[in-house]
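Good morning, everyone. Please look at the model on the screen while I talk.

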Amino acid sequence: MFEQQFVDQLASKVADVVVARLNRPKVEQRYLRVEEAAIYTGYSVGALWKHIQRGDLPVSREGKSVRVDRLEIDKWMARNRQ
């Protein structure tokens, strides 16, 4: 079907791409969607929405988009630590 040399070259190229992607520096987003903030905090999405609606956790809104600042999450969690 395929010559072994072709398969080996293809595998080598794929490996190079994978290694390059794994070695890219990761950029952590500062502003998170509520679903991402829930993962970050360990809270449920519903619990976070309750805190947002009560004004406990500040958010940024643009149209239908709601974002939570990671720094605000950290401050909020520190204030509520028991």
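**From the surface to the core**

Let's start with Leu-10: it counts as partly exposed, because its relative accessibility is 46%. One thing to keep in mind throughout is that this is a predicted model.

Where does Leu-10 sit? Leu-10 belongs to helix α1, which covers residues 4–22. Together with Phe-6, Val-7, Val-14, Val-18 and Leu-22, Leu-10 makes a nonpolar surface patch of about 540 Å².

Now go inside. Which residues form the largest nonpolar core? There are eleven of them: Leu-32, Val-34, Ala-37, Ala-38, Leu-48, Ile-52, Leu-57, Val-66, Val-68, Ile-73 and Trp-76. At least two residues come from each of α2, α3, β3 and α4. Helix α2 is the biggest giver, with three residues.

So let's take α2 next. Its buried residues are Val-34, Ala-37, Ala-38 and Thr-41. An α-helix has 3.6 residues a turn, so residues three or four places apart point the same way. What does the buried face of α2 pack against? The partners are β1, α3, β3 and α4.

Zoom in on Val-34. Setting aside residues up to four places away in sequence, Val-34 touches Val-45, Leu-48, Trp-49, Ile-52, Val-66 and Val-68. Then look at the end of the helix. Just after α2 comes Gly-42, with a positive phi of about 90 degrees.

Next, helix α3, residues 45–54. Leu-48, His-51 and Ile-52 are its buried residues. They lie on the same side of α3, because they cover an arc of only 100 degrees around the axis. Turn to the other side of α3, and you find Lys-50, Gln-53 and Arg-54 exposed. The buried residues of α3 pack against α2 (34–41), β2 (60–62), β3 (65–69) and α4 (70–79). And a glycine follows here too.

One step on is Asp-56. Asp-56 lies in the loop between α3 and β2. Asp-56 is partly exposed, because its relative accessible area is 31%. Not counting residues up to four places away in sequence, Asp-56 touches His-51, Trp-76 and Arg-79. For a sense of scale, take Arg-24. Asp-56 and Arg-24 are 32 residues apart along the chain, and their C-alpha atoms are separated by 36 Å.

On to charges. How many salt bridges does the structure hold? Five.

Glu-28 counts as exposed, because its relative accessibility is 62%. What else surrounds Arg-70? Leaving aside neighbours within four places in sequence, Arg-70 is in contact with Glu-28, Gln-29, Arg-30, Leu-32 and Tyr-40. Notice Leu-32 in that list. Leu-32 is also one of the core residues.

The next pair is Glu-36 with Arg-33. Their closest N and O atoms are 3.3 Å apart. Glu-36 counts as partly exposed, because its relative accessibility is 23%. Arg-33 counts as partly exposed as well, at 37%.

My last pair is Glu-72 with Lys-75. These side chains form a salt bridge at 3.6 Å, N to O. Both residues lie in helix α4, three residues apart, about one turn of the helix. Glu-72 is partly exposed, with a relative accessible area of 23%. Lys-75 is partly exposed too, with 46%.

To recap, then. There is a nonpolar surface patch that includes Leu-10. There is a core of eleven residues, with α2 giving the most. Thank you.

Methods:
Residues numbered from 1 in each chain as written. Predicted model: local features only at pLDDT ≥ 70, side-chain atom pairs only at ≥ 80, totals over all residues. Heavy atoms only, no water. Buried < 20%, exposed > 50% of the residue type's maximum accessible area, 1.4 Å probe, protein only. Helix = DSSP H or I, 4+ residues; strand = E, 2+ residues; numbered from the N terminus. Arc of directions from axis to C-beta. Contact = heavy atoms within 4.5 Å. Core = buried A, V, L, I, M, F, W, Y, C linked by side-chain atoms within 4.5 Å. Patch = residues over 30% accessible without salt bridge, like charges linked within 9 Å, V, L, I, M, F, W, Y side chains within 5 Å. Areas by Shrake-Rupley, 256 points an atom, 1.4 Å probe, with all protein chains shown as cover. Salt bridge = Lys/Arg side-chain N within 4 Å of Asp/Glu carboxyl O.
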